[in-house]
Every structure is written in structure tokens, then in C-alpha cells.
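Visitor: I'd like to learn how to read a chain-chain interface. Could you walk me through one?

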Number of protein chains: 2
Amino acid sequence: MEVRAKELEIEKASMVLKLLGDKTRLAMMKLLEKNECCVCEFVGIFHISQSAISQHLRKLRDVGLVKENRKGQWIFYSLNKDSDMYEMVLHILEFVPSQDERIQALEKQGLRISCQ
Amino acid sequence: MEVRAKELEIEKASMVLKLLGDKTRLAMMKLLEKNECCVCEFVGIFHISQSAISQHLRKLRDVGLVKENRKGQWIFYSLNKDSDMYEMVLHILEFVPSQDERIQALEKQGLRISCQ
DNA sequence: TGAACATATAAGCATATGCTGATATGCTAT
DNA sequence: ATAGCATATCAGCATATGCTTATATGTTCA
């Protein structure tokens with residue numbers, strides 16, 4: 001591999017790792033591994049503002065880790081399987097404990113898709 | 001897994017990922033995957049101060065990713081295979097391009113173990 | 001069209017991070 | 001002991017990051 005290509009690659013890898021190096025974003029990505037989620041669900045799960053959630057998602061989208069899919073007034077996020085970092089991300093998520101009980105907690109509260 | 005244990009686990013994982021989310025530290029870890037290195041070698045490889053190198057290594061050591069091994073006045077760093085994050089780290093490093101040419105560049109300059 | 005809801009963006013703040021230069025500590029060998 | 005080298009730590013600075021509140025944009029539906 002070219003020196004310059006390596007430089008770019010390690011830069012890209014470190015950028016992705018930095019993004020995953022935030023507890024909230026890492027939990028988001030783990031949730032997205034198994035679920036499509038909309039912003040308001042994340043708002044119900046994490047105890048931070050809608051604005052903060054939106055900013056996290058933008059960062060993840062800016063580097064192509066997630067993609068969005070608008071359905072009416074909701075925007076559903078999912079992992080972007082076409083990302084050239086997708087494989088690495090999957091490997092990493094294997095080491096992250098499932099966050100599904102957070103979604104189940106939402107459901108128990110009757111807040112799944114709280115925006116509906 | 002207990003909710004509390006999950007919380008701790010994701011916290012630990014995100015901390016490790018944050019550490020690897022720095023270009024310099026990621027390259028260091030990739031080098032340490034195959035080589036033992038001392039501080040002065042890193043100083044020769046990266047264009048930052050000895051102080052900065054030392055601080056990066058301390059962070060990596062504080063979470064147990066690397067260990068140190070003093071040999072006389074040098075301290076050689078290596079990956080800590082006993083870390084409970086070791087397996088995840090190895091998986092991640094598979095996606096990072098080899099940095100060995102940086103060591104070879106050092107050798108060409110006659111600077112391998114520049115401190116000797 | 002306008003009200004209601006979902007999401008995004010802007011501005012500002014507190015804290016974290018990475019770096020440098022200066023200095024301290026630790027080891028070796030004379 | 002002391003000089004010389006390797007490494008660690010301290011203090012301070014500039015920038016990055018994550019959050020909040022306020023506001024803007026986009027969509028649906030009456």
C-alpha cells in the first residue's frame with residue numbers, strides 16, 4: 001500500500017474509532033446493529049436533549065457509519081452496510097454488550113416510537 | 001448480563017475506543033502489535049515532543065492496553081496481552097495498515113533505538 | 001393555510017484533549 | 001559524586017467536544 005494511502009486509511013480508522021469512543025454513540029451504534037431507530041426513540045433512551053441526539057447522529061452520518069431513511073415525518077437511522085468501515089464496526093460491536101433492554105424498557109413505558 | 005455490568009462494560013469499551021481514536025496512539029498500537037518500542041523510537045517516528053509521546057503512553061498504560069518493561073535506562077513498551085480488551089484491540093488493529101515502514105525509515109536513518 | 005409534531009441547526013458554555021517548554025526523576029558509567 | 005542520557009511530570013495554552021437553550025426547517029393533517 002502507498003504511504004499516502006496508508007496515511008489516509010489510518011486517519012479514517014482513527015476518526016471512526018473516535019466516533020465510537022463516546023459512550024452514547026457507541027450504545028446508539030449497538031442498538032442500530034439490530035434495530036432501525038428514529039431520533040425520538042433515542043431521546044427516550046438516553047437522557048440528553050433531542051438536539052444532542054441529533055448532533056451525535058449527524059457526526060455518525062457525516063463519516064458514513066449510518067444512513068437515514070425518512071418515513072413521513074420520522075427519520076429512521078440504520079447502519080450503513082456500504083461503508084468501507086462497516087466490517088470493522090461490526091467486529092467492534094461484537095465486543096459491546098447488547099443494549100436491547102433499553103428498547104424493551106421503552107416499550108414497557110409505552111414509549112416505543114414515542115413520537116407516534 | 002447485569003444492567004450495571006453492561007454499563008461498566010460499555011464504558012470500558014468506549015474508553016478504549018476513544019484512546020484508539022487518536023491517530024498517533026493508533027499508529028503506536030499498530031507498531032506495538034509487532035514490535036517492542038521505547039519512547040525515543042516513537043519520538044523518532046512521530047514528529048511530536050518526547051513529552052507528548054510519554055503522555056500518550058501513560059494513557060494507554062493507565063487503561064492497561066500496554067505494559068512497560070525497563071531495560072536499563074530504556075523503557076520498552078509492548079501490548080498487554082493480559083488486558084481484557086486485548087482481543088478487541090487485536091481485531092481493530094487488523095483493520096489498521098501496517099506502520100512498519102516507519103520503523104524501517106528509522107533504521108535507514110540509523111536511528112533505530114536512537115537513544116543508544 | 002396553520003397547528004402540531006419530528007428533526008436540524010445555531011450560539012454559547014464548560015470541560016476535555018493534545019501539544020509545548022520547563023523541570024524532575026531515574027539509570028548508567030566515568 | 002556528577003555528567004549524560006531516557007523518561008515522566010507539571011503548567012499553561014489553543015482547540016475540540018458534548019451539552020443546553022433557542023430557533024429554523026420539514027412533514028402531516030385538519
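This is a predicted model: local features need pLDDT of at least 70, side-chain atom pairs count only at pLDDT 80 or more; totals for chains, interfaces and linings use all residues.

Visitor: How much area is buried between chain A and chain B, and what share do carbon and sulfur atoms give?

Guide: The size of an interface is often given as the accessible area lost when the parts come together. Here that comes to about 2,400 Å², with 72% of it from carbon and sulfur atoms. On chain A, the residues that lose the most area to chain B are Ile10(A), Lys23(A) and Phe95(A), which together make up 27% of what that side buries.

Visitor: How many residues does each chain bring to the contact?

Guide: Chain A puts in 26 residues, and chain B puts in 26 residues.

Visitor: What about charges: how many salt bridges run between the two chains?

Guide: The count is six salt bridges. One pairs the side chains of Lys23(A) and Glu7(B), at 3.2 Å from N to O. There are also seven residue pairs in polar contact between chain A and chain B, counting pairs with both residues at pLDDT 80 or more.

Visitor: Which elements of chain A give two or more residues to the side that touches chain B?

Guide: Those are α1 (3-20), α2 (23-34) and α5 (86-93) of chain A. The most comes from α1(A), with 10 residues. Sorted by class, this side of chain A has 12 nonpolar, five polar and nine charged residues.

Visitor: Let's take α5(A). Which of its residues are buried?

Guide: Read "buried" as under 20% relative accessible area. In α5(A) that gives Tyr86(A), Met88(A), Val89(A), Ile92(A) and Leu93(A). Look down the helix axis and these buried residues of α5(A) fall within an arc of 160°, so they line one face of the helix.

Visitor: And what covers the buried residues of α5(A)?

Guide: Both chains take part: the cover includes α1, α2 and β3 (74-79) of chain A, along with α1 (3-20) and α5 (86-93) of chain B.

Visitor: Stepping back, how many helices and strands does chain A have?

Guide: Six helices and three strands, in the order α-α-β-α-α-β-β-α-α from the N terminus on. The C-alpha atoms of chain A fill a box of roughly 55 × 30 × 20 Å along the principal axes. Of its 116 residues, 46% count as buried.

Visitor: What share of the contacts in chain A joins residues 24 or more positions apart?

Guide: Among contacts with a separation of 6 or more, such pairs account for 63%.

Note on methods
Residues are numbered from 1 along each chain as its sequence is written. Chains are lettered from A and ligands numbered from 1 in the order in which they are written. Side-chain values use heavy atoms; hydrogens and water are left out. Contact means heavy atoms within 4.5 Å. Buried area is the accessible area (1.4 Å probe) that two parts lose on being put together, summed over both. A salt bridge is a side-chain nitrogen of Lys or Arg within 4 Å of a carboxyl oxygen of Asp or Glu. A polar contact is a pair of N or O atoms within 3.5 Å; within protein, one must be able to donate a hydrogen and the other to accept it, and residues adjacent in sequence count only if both atoms are side-chain atoms. Helices (H or I, at least four residues) and strands (E, at least two) are DSSP runs, numbered from the N terminus. Ala, Val, Leu, Ile, Met, Phe, Trp, Tyr, Cys and Pro count as nonpolar, Asp, Glu, Lys and Arg as charged, and the others, Gly among them, as polar. Buried means under 20% relative accessible area, exposed over 50%, partly exposed in between (1.4 Å probe, protein chains only). The arc is that of the directions from the helix axis to the C-beta atoms.
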